[in-house]
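Dear colleague,

Please find the structure below, together with its sequence. A short account of the findings follows it.

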Amino acid sequence: MINFQLNNSPVQVDIDPDTPLLWVVRDHFKLKGSKFGCGMGLCGACTMHLNGEAVRTCTLPVSAVQGAVITSIEGLGTPDNLHPLQEAWVEHSVPQCGYCQSGQLMSASALLAKNPNPSDDDIETAMNGNICRCGTYSKIKSAIKSVIKPDAEAMRTQVSMVGTFDPTDGNAISTEANS
């Protein structure tokens, strides 16, 4: 018996421990949002979260998730309360065929959970390996950037400014960007 949490609910399955998690979630729990793409962990269509990390589930044996917390696309938001990334996906008209989108969203949400203010390079690195045959990469990046916390952006701007003050009178001598 393999026990884990799936979308915040404890679950258990009695199944061949080598069965890929993707098929356990799709076939046993009937959550069909995560897709089968390449079957080799290369395209990212099957991406879910394992303890908050984006992982490819088409090659991950269910035995590897004993006691773990798994989140599928169905656990990211609800139809009445979309995750901010899901709202951004709609606002930016990201999906074309839509096949890869659940994996894209899971990778993007794992990135933002760890780094709420990612740089362009951070986004490209995190999303590298999530393949979109429709080529919506620029829309995906725009949607991710649109949910970056304004406070985090403001803090980055403040941190990047360096001021020099005269210690005798406290007046500013110069203020310049530190990049």
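**Strand β1 and its partners**

Strand β1 runs parallel to strand β5 (residues 69-71), and two bridges join them; strands here are DSSP runs of E of at least two residues, numbered from the N terminus, and two of them pair if DSSP finds at least two bridges between them. Leucine 6 has isoleucine 70 of β5 as its bridge partner. The model is predicted, so local features need pLDDT of at least 70 and side-chain atom pairs pLDDT 80 or more, while totals for chains, interfaces and linings use all residues. Residues are numbered from 1 along each chain as its sequence is written, and side-chain values use heavy atoms, without hydrogens and water.

With strand β2 (residues 9-13), β1 is antiparallel, through five bridges. Glutamine 5 is partnered there by proline 10. Two residues lie between the strands of this hairpin, and asparagine 7 takes a positive phi near 50°.

Along β1 (residues 2-6), Ile2, Phe4 and Leu6 point to one face and are buried (under 20% relative accessible area, 1.4 Å probe, protein chains only).

**The largest pocket**

A pocket is an open set of points on a 1 Å grid over the protein atoms alone, where a 1.4 Å probe fits, with protein on both sides within 12 Å along at least five of seven lines; lining residues have an atom within 4 Å of a point. The lining of the largest pocket includes Cys38, Tyr99 and Arg133.

Yours sincerely

Conventions: Buried < 20%, exposed > 50% of the residue type's maximum accessible area, 1.4 Å probe, protein only. Helix = DSSP H or I, 4+ residues; strand = E, 2+ residues; numbered from the N terminus.
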